[in-house]
Each structure stands twice: as C-alpha cells, then as structure tokens.
Amino acid sequence: MTGPLLDVRHLSVEVAGRRVLHDVSIAVDVGGSLGIVGETGSGKSMTCRAALGLLGRIGGAVVAGTATFAGRELTALSRDGWRAIRGRQIGFVPQTSMSSLDPVMRIGRQIEETVRVLDPGADARARSLELLEAVELPRADRIVRRHPHELSGGMRQRVMIALALAGRPRLLIADEVTTALDVTVQRTILELLGNLRRQLDMALVLVTHDLAVVESSCETMAVLYAGATVEAGPAGTLCTAPSHPYTRALIAAQPLLTDGGPLASIPGAPPEAGTPHDGCAFAPRCSHADGLCLGGTLALEPVSAGHVVACRRVREVVR
Amino acid sequence: MTAILEARAVTKRFGVDGPPAVDGLDLAVAPGAGVGIVGESGSGKSTLARMLAGVLPPTSGEIAVGGRPWTAVDRRDQLRRRVQMIFQDPYGALNPWLSARDAVAEVIRFWDRPTRAEARERASQLLADMGLTADAMGRRPRGLSGGQCQRVGIARALACAPDVLIADEPTSALDVSVQAQILNLLVALREERGLAIVLISHDLAVVRHLTEDAAVMYAGRIVERAPTHEMFRSPAHPYTRLLVGSIPGMSGGEARTAHDPGVADHPCRFAPRCPRRADDCIAVRSHDPHLPGGRWAECVHPHLPAAAPVQRTQTQHGGRT
C-alpha cells in the first residue's frame, strides 16, 4: 500500500451546532510516529474522537472533509464498520487511567474481557499475561490479581497501553498519556511506546501540549489551533525552524532550563472550542497579522518538503 | 539577613503508621528570596507548602513567621498577612458566587475594614495592575479563563500586602502561552514589590525561571540544595540527576528498576532506586552534606561539581517534569 496509514484531510466536525473542528489535516505513515500539539480547545481530543468513530456519543458529526485508514474511508462507516476498526486496527490510550479502569474489578479480568472481545481466538488468560509483559510490567502474574487503586499512576498507564494492544492494532493513539505523570515515569512510558512501535511495527499518534515530548519521541508533528491544523511537518524542523507565528510564539513562550531570561508571552488566550471566526483564528493574538488576516479563507501551503503552513504572511514571518 | 519564614525540624505525619509526609526538614526564606522546591508527586512538597502558609500544623518541629511560630499567630493577627498562598487550580481557589472584584474586595475588607466602596475601588486598582479588564472584573470565575482566574488569585494574595508568596504549582493548569504571561507577572511582582517567593513545582524549567535557589525533595526530605542554575547544570545528588536527565531532550541520570526489598528501611529513602548505592550509604544521616564548591547534598556518594554536566541532546524547549 502506498500513502499514509491514517490520512485526515480538511476535517470539519460539529457538536451541537458548534463547529469545533474547521480544517484539520493530519497524516501518519505505516509504522510512523506523529505528535499532535495544541492548547486547550485546539481540537486535539476531538480529532482523536473523529479518528476512532466516537463523535456520535457526544452528538457530534463530520460535516466536511475525509479521513481514510489504510485506504478505507472512515467518515462513512456504519456502527458495524467501526467495530472492525476501533480497537482492532486503531488502539486508543486515554489520559485518565484511573477513571478508565473499573475500580472493583481485578486487572487480570479487565484485560481478559477485552481480549475475549477483540481477539476471540486467543487464550484470554495467557494473552493478558503476554500483554502485561509486553508493557514491561514486572511480575505480571501478581499484577493480574490487583485492583486499579493498588497500582501507581505509571503502572496503571501501562495497563491502559496493554488494553489498547489487545486487538493488535496497526495504529495506537495516545491522548496526553504522560501529562499526569512525573518526569521520571514519563520518560519510561515514552521509551515503552517507542519500543512497542518498533517491535510491533505499529504507528503511533501522540497527542500532547508538550513540545519537548514530541520533539524527543516523534518523527512528524502537527500543530493545531482553534480547531485547525496551522503547521505540520518533520518534528525537528518545526521545533528548530518553525514557520507559523503561533508555533514560533509557542516555542518562545516555553521556559528553558538553560536560560532564565524573560519569556515572550502570547497576548490574550486561545479561543474557546467552537467560537466562530473569519480568516485566521490566531490573527487577534498575532504580531504579524494585518487587516486582511481577519477575512478570507486559509489553506495549508507547502514551504519545504513535507512541511506545510497555514499563514498568508508566512514569507514575511520567517524572513 | 534574618529569615522572615523559617521551618525548623518540621515533620508531618498523616495517620499513625507509615513514613512521614515531611520528615525533619529545615528551610529558611530570607526577605525577597526566590526559593524553588521541586520533587515528584508524593515527595511532600505540597504538604510543606501548606505548613509554610500556616494552614496545616506540623506534627513536630516549628514554622516561624517573623520570628513567631504559626501556632502563636491568631486568625486575625496582622502577621498572618505576611505569608500568602496561590494555588494550582485557579477556579477551585475562588468562590464561584463572587465576581473577581468582590473576591479581592472581600480580602481587603477582612484586613483593613475600609468602607465597601473603598474596598471595591482598591480591588479594581489591584486587578487592573494584574492586567484584568474592567469587564472581566465584574465576572464570576466561570466567566473567566484559567489565566484570568490565576490573576485574581494573585490579586487576592497581594491584597494582603505580603512579604512571602507561596505558589503551589501556579501554572501547571494553564496553557503554555498563558503560563508565560503569569510567569512574567510573577517575575515583575518580585522586582517591583521585593516579594519573596516559595515556588513549589514539578516543572524544573518554571523553577529555573522564577527562583535563585532550589531545593529538591524526595520522600519528605530535602536531598539537595543549590543555586538554581548550578543545580540544573551539574546536579550533585543521584536523584536530582535522574530528575534533570528525565526531561525530554536531556540525557544523563539513571535509576535501578529492579525491586529490591532488602533496602526498604534504608536511612536514605532514594537507596532502592539509586545507581550509586554502596554499603556505607547507611550512614547518610550522619554524613556531612556540605560538598566542595559550596554545594549541599544529603548523599554519601554525590556527583561532585566537577563531574560532567548533564547534556542537552537536542534543542530543549520544555523542561516539564
């Protein structure tokens, strides 16, 4: 197969009549790794929901754009069609491990239940031990008898990853999986995800607000702002030579460990999800914007190989 | 210079058994100082913050403000104004029924008993100094953004005219672009008002940005103290090294991963994870923590300042822990 494994183009999503995604385009190759970066309300989690066919549960629907997985159109899938994709082709690790696990059920039974649904041919007990070992949990035979509250945050996150692997997915979407974890634990979880990707030849989408996590763990990167992709390309390029004024401002606003100088803050705050706007959503906070930025339509334009930017003044910005 | 806020051999236990949350800790805050306290969840840093602010009494030891122990300071004693706190959850720290202006005026009326109109006038001025628009001042927390709520929280603290601001993870709930605004505001307040700050954070880069001195907490104890930039450039304690080396984009620092029940009661609480552990580490509590070059670490086998600094492996933007 040629072309990306997951290819989302110009996706627009409405929830209860509010347009929460305007123009999201992301792509991840077979076995590749993509980091999706954005602030609150930028549409990161909504994009995940769309890629997992979970919009219906919150009253949302795709109103424009396409999303294909391995060449298959996702936006037109029926409930049964989704059942063959969700969990089996695309695995998902949510942010909140505590509220996603059943507090009164032992870990072993929770994994076995998932295995029986997603992988009915397998020996559920043997497969759950295998999954716990795959996520590098020591003494898997003891972990299966524990309840979620008896595990640390990092261990629970590993259990969540084991659950997501139960259906042997070709793509794993991890939504802010390390946000609530300490830096030492975060490092081990990121290393685990990298190892699993290589061992299982699985693609990875890492959703985060932390640029440094993406730079150290992902090959490509997409920056979302107010429900649209504003810049996408190789992670190294975006972190060292960003083009969109928002990406540039985001990097300048990060405090550095090596330098204590004043931070270049971005005035104002990101708009709430679903706030309608004309032209570029970032224009009201942008130091490069002129009157024309507040109208018209924007498209992602290539600036170099594999690097696209949605800014009509990008040539003046990067000069 | 005498400390305005000082913890002496402070211990806090919750419940009867199990290790203490804070274990015999000393800390002094001089006027105008910037002290950062870093550590992972469960290290006791928030418990320490609440004791320093006088809202949680220690089990043993003493916290003194202006030379007097918190236990001898009455609720309405003017001394209580001198230490104020801002919180991680900017919404949860505000009364949902009060407008931003009324939330600040409430504090002014409690301490200074001015007329209602005068309190509102002073509150408006303070909120304007914090960068809030007149329109936002009339709104309740739910109508404000996270960054605006944190500005209200800071204004409430400043309404007391404090000498020390205790900030417990003040920006971890905020987006990066808004975090930078709040950090810049705190830097400006320190410069303009000579405010001392005790910053509790798991984000090493935030600590680096806002403080001159740093202390690393592990399992209720301070394991390393140093000027902030020194600490992050050449960590002396193996735990600090692990912490700094775990930041995405940094390398260096390691930990034992194998479970080792034999050292569960070790006087060095980091021993089970420590790659430098040796038999003589058992003497850690009696070992002199003062190291060459003015450094301080509670460790028998520290990395001396001459050791290779932790390396940047790439352009390092974050520093979130």
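Leaving aside its neighbours within four places in sequence, B:Leu79 is in contact with B:Val65, B:Gly66, B:Arg68 and B:Val73, where contact requires that the C-beta atoms of two residues, placed from the backbone, lie within 7 Å. The model in which this is seen is predicted, so that local features need pLDDT of at least 70 and side-chain atom pairs count only at pLDDT 80 or more, whereas totals for chains, interfaces and linings use all residues. Residues are numbered from 1 along each chain as its sequence is written, and chains are lettered from A and ligands numbered from 1 in the order in which they are written.

B:Leu79 belongs to the loop between E5 and E6 of chain B; here strands (E, at least two residues) and helices (H or I, at least four) are DSSP runs numbered from the N terminus. B:Leu79 is partly exposed, with 15 other C-beta atoms within 10 Å, on a scale that calls a residue buried if 20 or more other C-beta atoms, placed from the backbone, lie within 10 Å of its own, exposed if 12 or fewer, and partly exposed in between. From B:Leu79 to B:Ala103 there are 24 residues in sequence and 21 Å in space, C-alpha to C-alpha.

E4(B) and E5(B) pair in the antiparallel sense over two bridges, and B:Ala64 has B:Pro69 as its bridge partner in E5(B). The two strands form a hairpin with two residues between them, and in the turn B:Gly66 has a positive phi of about 55°. Most residues other than glycine have a negative phi. B:Ala161, by contrast with that rule, has a positive phi near 50°; it is found in the loop between helix H5 (146-158) and strand E7 (164-168) of chain B, and with 14 C-beta neighbours inside 10 Å it counts as partly exposed.

Chain B also holds an open sheet of eight strands, in the order E6-E7-E8-E3-E9-E10-E12-E11, with mixed pairing. Strand E6 (83-86) and strand E11 (290-291) of chain B stand at its edges, and since each has a single partner strand, one side of each is left without a neighbour in the sheet. Strand E3 (residues 34-38) and strand E8 (residues 196-201) of chain B pair in the parallel sense over five bridges, and B:Gly34 stands opposite B:Ile197 in E8(B). Helix H9(B) lies across strand E9 (213-218) and strand E10 (221-227) of chain B, running at about 100° to E9(B).

The two chains meet in a contact that takes 36 residues from chain B and 34 residues from chain A. On the side of chain B that touches chain A, helix H6 (176-193), helix H7 (204-210) and helix H9 (238-245) of chain B each supply at least two residues, and H6(B) gives the most, with seven residues.

In chain A, helix H5 (residues 124-134) has A:Ser128, A:Leu131 and A:Leu132 buried. These residues cover an arc of only 95° around the axis, which puts them on the same side of H5(A), the arc being that of the directions from the helix axis to the C-beta atoms. The buried residues of H5(A) pack against helix H4 (107-118), helix H6 (140-143) and helix H7 (153-165) of chain A.

Terms used: Pairing = 2+ DSSP bridges. Axes fitted to C-alpha atoms, helices over the stretch in contact; angles between N-to-C directions.
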